[in-house]
Amino acid sequence: MHRSILLPVLIISLLSACEMEAPPTVSPPAQQNPVLPVATPAQISDSSSTTTTTVQGNTTRTVTESSSVSVDAGGLLGAILGGATPAAANSASDYAGQWRAVTEDNRECRVNLMSPRTPNAPATAQTIGCSGDLFGVTRWSLRGSELVLSDAFGNRQIRVRATAVNRLDGDVTMWR
């Protein structure tokens, strides 16, 4: 009789000693700054030229005058209507993180761009499941508004530019 009572008492005491916890919550990944296409500011350019030709003896005189004006209508219209200033250039920290890419043979792979250790220095890159030119990529750097992916020897493998928010197009297409 002691065993039939002892077993339920033992089970109850063990269960009461356990702390019931909710499953651990998984925090969402850190929010990354979006990579934005670089807009060109409104530009107005003006040029003119004058040419005069005179030949002695038989008089020949040629006078040519020309002038031209060009306007970036999209930038000017945006400045007039919305006052939207051009987006500032993206920094290396904007590009750092996980990207998905499509290779030349239409295969999807992942590219992890690590943050650079020092400004203007090439940072390391890791490719997962990539083929073609992306296969040998180990470094990346910014050259103006262009993201350049290089191999271990510094040879340029891939060049891309921001064409939309968090989308890069060029030798390959990358997005996140």
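How many residues lie between strand 9 and strand 10 in their hairpin? Two. The views below show a predicted model, in which local features need pLDDT of at least 70, side-chain atom pairs count only at pLDDT 80 or more, and totals for chains, interfaces and linings use all residues. Residues are numbered from 1 along each chain as its sequence is written, and side-chain values use heavy atoms, without hydrogens and water.

**View 1. Strand 9 and strand 10 form a hairpin.** Strands here are DSSP runs (E, at least two residues), numbered from the N terminus. Strand 10 covers residues 173-175 and runs antiparallel to strand 9, joined by three bridges. Two strands count as paired if DSSP finds at least two bridges between them. L168 has M174 in strand 10 as its bridge partner.

**View 2. Strand 8 and strand 9 also form a hairpin, with two residues between them.** The pairing is antiparallel, over four bridges. V160 stands opposite G170 of strand 9.

**View 3. N166 sits in the loop between strand 8 (156-164) and strand 9 (167-170).** Its phi is positive, about 55 degrees, although N166 is not a glycine. Most residues other than glycine have a negative phi. N166 counts as buried because its relative accessibility is 16%. Buried means under 20% relative accessible area, exposed over 50%, and partly exposed in between (1.4 Å probe, protein chains only).

**View 4. N106 lies in the loop between strand 3 (97-102) and strand 4 (108-113).** N106 has a positive phi near 60 degrees, and is a residue other than glycine. N106 counts as exposed because its relative accessibility is 67%.
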